[in-house]
Amino acid sequence: MSDSPILLTPGPLTTAIGTRRAMLRDWGSRDPAFIALTAELRAGLLRVAKGEGTHVAVPLQGSGTFIVEAAIATLVGPQDKLLVLINGAYGKRMVTIAKRMGRAVEALRWPEDRPVEAARVAEALRADPAITHVALVHCETTTGLLNPVEEVAAAVAGAGRAFLLDAMSSFGALPLDLSATPVTAVLASSNKCLEGVPGIGFALVTPTALEAAAGQSPSLSFDLHAQWKGFEKDGQWRFTPPVQVVAALVEALRAFEAEGGQPARLARYADNLRIMLAGMRRLGFDLFLDEALQAPIIATFRLPESLAFRPFYDALAERGFLIYPGKLTQAETFRIGCIGALARADFERLLAAVEEVLAPA
């Protein structure tokens, strides 16, 4: 396998050479040049979701899970109650986080192959006035299933509750307009559809929600209110920032805008998915989800009884392609991502590799 395999995963993922090159410079974290870079980062993240004027961007060192934990710790107070809408592993993780933080939490569940239903959410909110916050995963990376954000957001707003959206694997690719959709906080990370490298999570939050959360977080490092106030005071990170990761993400955002922004990125990923689905079906693999529910982020395929995952994975890895194991409880599956600095030629090469692996010896 080459030193740079094609990463067909939900992140980390294959990055452009320009993004990697941006990490070659060292930065002083308190230097005006890096403070300006951080300001560009925060403004660029807001533009992606049309959040200028309604939200503020609060980046945080760490993985996507770090920013989810920070948001729950900060925005859901000790007196509040969180309702998590679950149809996959990442919704379940939010429940685990809330419990670990000592927050009151309940779950509303759907099967792993069915989207969340806004009507059931509205009914649950009518039945329990103690619920103050609702959390949803936009694209559930367990399967690649797309949940109906606008409908759920409307139901939550109609009930007067706060809405936390985990857009980890959708931000930058799937449409999200914060000027039109009532979302209290959007949570995402650097190393997915923005095509940066791992190391930064970020929240786009309404200032009203942040102001109300002063002093609520039981964590020093994960206090988003304090992190925000630090940026507003002097443009600096409270603790040592991942300076090269910031530089890479700023370069990735510049490339994102040069490509044509969210519509162009979605079009490229959707083309990747079309090529992959047609080829995998031709080779005998069945998609786990109904295609109407499949987001062009990561696709889950049923593993044929005649095929063991590990040898299949190893054979593709030898040919320069890294896929992902399944994460389902109800079926043997594997996953192939559509995202990253990849285009249809990469997926045509993948399909040729799969066909070669399946060929009789």
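Predicted model: local features only at pLDDT ≥ 70, side-chain atom pairs only at ≥ 80, totals over all residues.
Two strands are said to pair here if DSSP finds at least two bridges between them.

One of the contacts to look for is Val134, whose bridge partner in β8 is Phe163. On to β9: β8 and β9 also run parallel, joined by three bridges, and here Asp166 stands opposite Leu187 in β9. Strands of a sheet pair through backbone hydrogen bonds, either parallel or antiparallel.

Now turn to the side chains of β8. In a regular strand the side chains alternate between the two faces of the sheet. Ala162, Leu164 and Asp166 point one way from β8, while Phe163 and Leu165 point the other way. Both groups are buried, and the strand is mostly covered, with five of its five residues buried.

What covers the buried residues of α4 includes α3 (64-75), β3 (81-86), β4 (104-109), β5 (133-137), β6 (139-140) and β8 (162-166). Helix α4 has twelve residues (residues 89-100), so at 1.5 Å a residue it should span 16 Å; its end C-alpha atoms are 17 Å apart, which agrees. The buried residues of α4 are Tyr90, Gly91, Met94, Val95, Ile97 and Ala98. Seen down the axis of α4, these buried residues fall within an arc of 160 degrees, so they line one face of the helix. An α-helix has 3.6 residues a turn, so residues three or four places apart point the same way. On the other side of α4, you will find Lys99 and Arg100 exposed. After the helix comes Gly102, with a positive phi near 75 degrees.

The loop between β8 and β9 deserves a stop of its own. Thr181 is found in this loop, and with a relative accessible area of 8% this threonine is buried. What does Thr181 touch, leaving aside its neighbours within four places in sequence? Thr181 is in contact with Val149, Glu150 and Ala153. Take Ala153 as an example: Thr181 and Ala153 are 28 residues apart in sequence, but their C-alpha atoms are 6.7 Å apart in space.

A pair of aromatic rings is described by the distance of the centres and the angle of the planes. With ring centres required to lie within 6.5 Å, the count comes to nine aromatic pairs. Phe171 and Phe202 form one of them, an edge-to-face pair with 5.1 Å centre to centre and 70 degrees between the planes. Because Phe171 lies in the loop between β8 and β9 (185-189) and Phe202 in strand β10 (residues 200-205), the pair ties together parts that are 31 residues apart in sequence. Phe171 counts as buried at 4% relative accessibility, and Phe202 is buried with a relative accessible area of 0%.

Elsewhere, ring pairs link Phe285, Phe301, Phe312 and Phe334 into a cluster.

The charged end of Arg25 sits over the ring of Trp27, 3.7 Å from the ring centre. Likewise, Arg120 places its charged end over the ring of Trp110, at 4.4 Å from the centre.

To finish, look at an open sheet of three strands, in the order β11-β14-β13, with antiparallel pairing. Which strands are at the edges? They are β11 (298-302) and β13 (324-325), each of which pairs on one side only. Strand β13 is joined to β14 (residues 333-337) by two bridges, and the two run antiparallel. Across that pairing, Tyr324 stands opposite Arg335 in β14.

Note on methods
Residues numbered from 1 in each chain as written. Heavy atoms only, no water. Helix = DSSP H or I, 4+ residues; strand = E, 2+ residues; numbered from the N terminus. Expected span 1.5 Å × (residues − 1). Buried < 20%, exposed > 50% of the residue type's maximum accessible area, 1.4 Å probe, protein only. Arc of directions from axis to C-beta. Contact = heavy atoms within 4.5 Å. Phe/Tyr/Trp six-rings, centres within 6.5 Å; stacked < 30°, edge-to-face > 60°. Lys NZ or Arg CZ within 6 Å of the ring centre and 35° of its normal.
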